[in-house]
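Here are my notes on this one, point by point. Have the viewer open while you read.

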Amino acid sequence: QVQLVESGGGLVQAGGSLRLSCAASGRTFSSIHMGWFRQGPGKEREFVASISWNGGTTYYASSVKGRFTISRDNAKNTVYLQMNSLKPEDTAIYYCAARDLVPGASYDYWGQGTQVTVSS
């Protein structure tokens, strides 16, 4: 089992920045890939970014590429999402998630989410 706790959400003006953190416990952190997802008002949950177990590979949704950066610190069991140039459409609950290293594994572990609100 993996327990995930997000933090760092809040209210920010358009153009501003926030950094989300997700602390993991219950498993060796370097044995899991990590991802960030979000769910906006009235929308389905969508992929935002992911990072491999050693930080060597990252992926981003096209809507955030160039503005968001995912990173991880395996010594601190924490994954981050640096969000710059925020837009009102980035308003959502942001979730971190974890999946096993087995190819094709799904994201089976989820945090409770942290609210990000971007005002225009």
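**Notes on the model**

1. Let's start inside: Leu20 is buried, with 0% relative accessibility (buried means under 20% relative accessible area, exposed over 50%, partly exposed in between, with a 1.4 Å probe and protein chains only). Leu20 sits in strand β3; strands (E, at least two residues) and helices (H or I, at least four) are DSSP runs, numbered from the N terminus.

2. A word on provenance. This is a predicted model, where local features need pLDDT of at least 70, side-chain atom pairs count only at pLDDT 80 or more, and totals for chains, interfaces and linings use all residues. Residues are numbered from 1 along each chain as its sequence is written, and side-chain values use heavy atoms, with hydrogens and water left out.

3. What does Leu20 touch, leaving aside neighbours within four places in sequence? Its contacts (heavy atoms within 4.5 Å) are Ser7, Gly8, Gly9, Trp36, Val79, Tyr80, Leu81, Met83, Tyr94, Thr114 and Val116. Glu46 is another matter: 26 residues along the chain from Leu20, with 17 Å between the two C-alpha atoms.

4. On to the core. The largest nonpolar core holds 29 residues, and Leu4, Met34, Trp36, Leu81, Met83 and Tyr94 have the most contacts inside it. Such a core is a set of buried Ala, Val, Leu, Ile, Met, Phe, Trp, Tyr and Cys residues joined through side-chain atoms within 4.5 Å. At least two residues of this core come from each of β3 (18-25), β4 (32-39), β5 (46-51), β7 (68-73), β8 (78-83), β9 (92-100) and β11 (114-119).

5. Setting aside residues up to four places away in sequence, Leu81 touches Leu18, Arg19, Leu20, Trp36, Val48, Ala49, Phe68, Thr69, Ile70 and Tyr94.

6. How many helices and strands are there? The protein has 0 helices and 11 strands. Among contacts between residues at least 6 apart in sequence, 56% join residues at least 24 apart.

7. Thr117 belongs to strand β11 and is partly exposed, at 28% relative accessibility. Beyond four places in sequence, Thr117 contacts Gly10, Leu11, Val12 and Thr91.

8. Most residues other than glycine have a negative phi. Asn77, in the loop between β7 and β8, has a positive phi of about 55° and is partly exposed at 29% relative accessibility. Ser85, in the loop between β8 and β9, has a positive phi near 50° and is also partly exposed, with a relative accessible area of 41%.

9. Along the principal axes, the C-alpha atoms fill a box of roughly 40 × 25 × 25 Å.

10. Last, surface and burial. Of the 120 residues, 42% count as buried. The accessible surface comes to about 6100 Å², with 48% of it belonging to carbon and sulfur atoms (Shrake-Rupley method, 1.4 Å probe; for residues, only the protein chains shown count as cover).
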